[in-house]
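Student: I have a chain open on my screen and would like to talk it through with you. Could we go piece by piece?

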Amino acid sequence: MYVNGEIVKRKDAIHIDDVRDLVLHIIADSPPPNWVKIDNSRAIQKVVVLLIPGLLPDFLSLPPLPTSATANPNVPLSIPLPSDSKTSIPFIASTFSHACPTRAPGDHTRMYSVLGTFFQGPLSGEEKKKRIEARIASERAFDKDPSLYLLSLEQMIENDYPIPSYMADVFQKPPGWVETPQPVADSIILLPPEKQRSKVYAIDCEMCLTEDGKELTRVCMIEYESGIVVYDKLVKPPKPIIDYLTKWSGITEASLATATATLADVQSQLLLILAPKAGPTSILVGHSLESDLKALRICHPLCIDTALVYHHPRGRPLKPGLAWLTKKWCHREIQTRGEGGHDPEEDARACVDLLKLKVQNGAGFGEFKTDFESIFERMARASGRGGRGTVRGAVVDHGNPGVMHGSKATTTIGCSSDQEVLDGLLQAVPAHEFAFGRFTGLADIMGWLTPKATGDVPAVVVPPPEPSPEALAAAQAKLNEHLVALYASLPARTGMVIFTGHSDPRRMSALNARKSTFESAIKNGKKAEDIDRSEWWTASDGRELEEEVERAKRGLLFLGIK
């Protein structure tokens, strides 16, 4: 199956995008890869892809990757049979003949998202040309109207916006929530032409931590055309504040001492601006605006989100930060007050300027990787399996895959355990040509699934303790049980792809957090001599980080057909 002659020509191991392209070759008539040979791929009826981080070579009795100059570390490794080894996951050894080394995406100091790389692929030249032509036509039609960038209902749902009840019955308003009244089209038509266009306002909110969680403490709104601040209010939370979060909110005990306005007061005042009696419903613009609406507890129908109309340099589903966007496109720095926190007027004004640049320069301005698309969009164009739109895809994953890598899939199933992932796959596979699932039990028991360290949290460089042999064996046995059950349920001629994505990322993450902490301290005005030497970032640390990144990028791939 593997074409070793082609693999040894490569500079490094099989990439995650190679795995994606293999799947698209089987299921969506993409060109065949040169590193693996599949005879009569059209006979494969379904493809099931599993991402299993934590599935290490040791667990399969595989030899370590060769490091000598005479051996190629990228060539597939023969997996010993269960009878010839002490493998703790016998399903792999009894189902697959080889394990192919893979390499995760990234640069010399970071590892990029394995999920993002797998689920996003390049457009063909023909499709890219079509999209450029459609965008140019759209820009001409809408001219310089900000409403071109309004989020669709689907985009709002995908990005977890609170939706007004008259748009869709998908959000149940808890007590204390309000929604912008539904506009009456007939009354708008009777207005003079110059008053029929919606006004646009940028908004930003700040929050503090109370006994009931984070609560709104300041809101600022700026009119788009004039740049005038039309609303700026400090808000008194209903419960005592236990942390002002000044480093982010900019709010202090002294600044909030005079606040008398309640959330209900703010809601009633803002609704007069959002739904004026003498005009159409206003448009709100913000950065990750859904967070501001949740802080305000307001459902609003007309939203523009600078985190969506501008792109992250690594593409979807990542979202760019407001400070980065402002520096990149407006050529100025914001959020530079250090411990003084953010200024909501500054952030709202940045959103105004970013939207004006977008309107002035067209929809393509501020986009990266416009020649990329979701694999589900590519599958939808496949014509070889009953015509376009007949390839159905499902994503079964922990959390809420519907707002991330599964946003374009036919079906998404959110899970909170590996057992739920198995149940979701058993449910999804019969009705879909492609199904993706992720088992995280092994990675979890080994301590790989920890919150990302940041510059705000002291980095712990000492590796966490290893799991007990009993706990690890139980996790391995459970994974094997899940794989056996899933495989038994698959119909004949189903392709199975299992990949691990990466190796242990903990040391890499800890070093990156330490690096970020040191660089942030220097950026905020601290001198190196004022920082404890144990927290310095040195050239030696940099070399160690690069080595750890390379280790973390190593993974394994298993291919088979039932």
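Student: To start, which residue in β8 is the bridge partner of T210?
Tutor: The bridge partner of T210 in β8 is G213. Before we go further, this is a predicted model, in which local features need pLDDT of at least 70 and side-chain atom pairs count only at pLDDT 80 or more, while totals for chains, interfaces and linings use all residues. Residues are numbered from 1 along each chain as its sequence is written, and side-chain values use heavy atoms, with hydrogens and water left out.

Student: And how do β7 and β8 run, parallel or antiparallel?
Tutor: Strand β7 (residues 200-210) and β8 run antiparallel and are joined by 10 bridges, where two strands count as paired if DSSP finds at least two bridges between them. Strands here are DSSP runs of E with at least two residues, helices are runs of H or I with at least four, and both are numbered from the N terminus. A hairpin of 2 residues joins β7 to β8.

Student: What about β8 and β9, how many residues lie between them?
Tutor: That hairpin has 5 residues between β8 and β9, and G227 in the turn has a positive phi of about 75°. Strand β9 (residues 229-234) runs antiparallel to β8 with 5 bridges between them, and V229 in β9 stands opposite I222.

Student: Why would you call β8 largely enclosed?
Tutor: Because 9 of the 11 residues of β8 (residues 213-223) are buried, the strand is largely enclosed by the rest of the structure. Buried means under 20% relative accessible area, exposed means over 50%, and partly exposed lies in between (1.4 Å probe, protein chains only).

Student: Switching to cysteines, how many disulfides are there?
Tutor: The count comes to 0 disulfides, a disulfide being a pair of cysteine sulfur atoms within 2.5 Å. For C220, the nearest cysteine sulfur is that of C205, 9.4 Å away, and C220 is buried with a relative accessible area of 0%.

Student: Now β18, how many of its residues are buried?
Tutor: In strand β18 (residues 494-499), 6 of its 6 residues are buried. T494, M496 and I498 point one way, whereas G495, V497 and F499 point the other way. In a regular strand the side chains alternate between the two faces of the sheet.

Student: Which strands does β18 pair with?
Tutor: Strand β2 (residues 46-51) runs parallel to β18, with 6 bridges joining them, and V48 has M496 as its bridge partner. Strand β19 (residues 554-561) runs antiparallel to β18, with 5 bridges, and there F558 is the bridge partner of I498.

Student: Which residues have the most contacts inside the largest nonpolar core?
Tutor: They are F118, M379 and F436, in a core of 46 residues, where a nonpolar core is a set of buried Ala, Val, Leu, Ile, Met, Phe, Trp, Tyr and Cys residues joined through side-chain atoms within 4.5 Å. Helix α2 (residues 16-28) gives the largest share of this core, 8 residues. A second, separate core of 40 residues includes F59, L62, L472 and L486.

Student: Last one, how many helices and strands are in the chain?
Tutor: The chain has 20 helices and 19 strands, and buried residues make up 46% of its 562 residues.
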